[in-house]
Amino acid sequence: MDELRELFRQMLDQDLIQIVLSNTRDAARAAKVKVRPVLIRGELYFQETLYRENKVYHSNHAQEEMLGRLADYMENCFRQAQMGSGTREATVLVSKKGKIAIKYRNCKHTEEQRKKTADLSHNRTKQYILQEGQPVDFLVELGVQTPDGRIVRAKYDKFRQINRYLEFIRDILDRLPSGRTIRIVDFGCGKSYLTFAMYYYLGRLEGRDIQVTGLDLKADVIKHCSELAEKLHYDGLDFQEGDISSYSGADSVDMVVSLHACDRATDYALEKAVKWGASVILAVPCCQHELNGQIRCDMLQPVLKYGILKERMAALITDALRADLLEEKGYEVQVLEFIDMEHTPKNLMIRGVKKAGMRPGKNVYNEENRLAADRLMEFLQVNPTLKELL
């Protein structure tokens with residue numbers, strides 16, 4: 001262990017490219033750990049990226065603290081470490097009996113690799129779909145970018161959110177139809193940052209033939225968005241004033257979007273999507289009040305008596321049941337983190353993709369899932385709107 005600690009000490013400087021710890025012995029603690037150098041306010045730190053149960057955690061540590069963490073990881077959690085700097089690489093293997101073997105290799109890196117190594121910024125430039133420095137017409141009009149492409153400082157979180165949203169759409173591009181117009185409805189579009197982003201990405205960058213309708217209750221918002229779409233010559237984008245539950249402006253839709261539709265409005269959007277047989281559903285629920293007023297469960301009373309805990313639990317259960325109900329109707333469903341929790345607590349996206357050739361409710365998995373969901377609803381004494389609508 002002394003030799004390993006000395007190796008870590010030598011590697012932990014600004015020439016480090018990366019340290020990767022793998023082959024875990026304790027997946028509940030960490031499945032993998034990566035370490036790289038960063039400069040924070042001119043001081044050298046080491047950023048640890050920890051992977052655990054499909055989640056990623058970041059933390060920054062001074063050299064001695066990072067040294068101690070690495071040694072502890074290798075002694076108690078991992079059996080393998082790969083590390084490299086500008087001049088050498090090392091592989092560490094730990095046997096089941098705790099014996100440590102270290103192999104060294106001198107190396108020469110290309111100029112491109114050396115440039116990458118020299119980038120010690122805390123947040124390295126991310127390869128966004130919409131890039132900084134490249135002006136995009138709708139971003140400029142909505143005040144996110146300046147005319148020369150710089151991101152307005154106060155709008156940087158919005159810029160990141162837009163790009164994250166486009167990444168979710170990029171993931172499902174192959175599930176949208178080709179060879180004909182793609183019909184999309186955005187329920188509760190609001191100021192429509194993301195509606196314009198979706199149209200620009202699919203229509204301008206991907207060259208798809210699309211028709212997008214944004215729906216919202218606020219007349220002034222719809223007027224503003226309509227004027228902007230006309231100004232930008234987004235001919236396949238229109239906005240309508242109306243309520244989600246009573247919307248009847250389409251017979252079939254390929255993708256339904258519902259971002260921050262309040263409370264049961266999300267349920268009405270999901271119902272429309274299912275009945276249209278939409279190939280893709282993207283929903284970010286908001287203000288899930290319904291089950292908060294319904295839950296009755298003596299066993300959970302020690303939790304339910306605290307208002308904020310009851311509210312959060314009700315919101316999570318609401319979205320879990322929504323996901324289960326979509327699965328029952330033949331959708332492959334994921335619940336994903338939309339943006340960082342530090343920006344908004346309303347950060348979960350329900351993404352549903354219709355399974356090819358599946359008849360809703362006709363497979364064992366969905367039947368088992370339905371029964372489990374029914375037992376949960378009976379246990380909590382709740383009856384969510386989406387279940388009634390479907």
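Student: What is the relative accessible area of Cys262?

Tutor: This is a predicted model, in which local features need pLDDT of at least 70 and side-chain atom pairs count only at pLDDT 80 or more, while totals for chains, interfaces and linings use all residues. Residues are numbered from 1 along each chain as its sequence is written, and side-chain values use heavy atoms, with hydrogens and water left out. Cys262 is partly exposed, a class that lies between buried (under 20% relative accessible area) and exposed (over 50%), using a 1.4 Å probe and protein chains only. The relative accessible area of Cys262 is 44%.

Student: How far is the sulfur of Cys262 from the closest cysteine sulfur?

Tutor: A disulfide is a pair of cysteine sulfur atoms within 2.5 Å, and by this rule the count comes to zero disulfides. The closest cysteine sulfur to that of Cys262 belongs to Cys287, and it is too far for a bond, because the separation is 3.6 Å.

Student: Which cysteine has the sulfur nearest to that of Cys225?

Tutor: Cys225 is buried, with a relative accessible area of 1%. Cys225 is in no disulfide, and the nearest cysteine sulfur, 5.6 Å away, is that of Cys189.

Student: Where is Asp263 found?

Tutor: Asp263 has a positive phi, near 50 degrees, although this residue is not a glycine, and Asp263 is buried, with a relative accessible area of 18%. Strands (E, at least two residues) and helices (H or I, at least four) are DSSP runs numbered from the N terminus. With those names, Asp263 is found in the loop between strand S11 (255–262) and helix H8 (265–276).

Student: Is His233 buried or exposed?

Tutor: Most residues other than glycine have a negative phi. His233, which is not a glycine, has a positive phi of about 60 degrees, and His233 is found in the loop between helix H7 (219–231) and strand S10 (237–241). With a relative accessible area of 58%, His233 is exposed.

Student: At roughly what angle do the axes of helix H1 and helix H2 cross?

Tutor: Two packed helices are described by the angle between their axes and the distance between the axes. The axes of H1 (residues 2–11) and H2 (residues 63–76) come within 10 Å, and each axis is a line fitted to C-alpha atoms over the stretch in contact, with angles from 0 to 180 degrees between N-to-C directions. The two axes cross at roughly 140 degrees.
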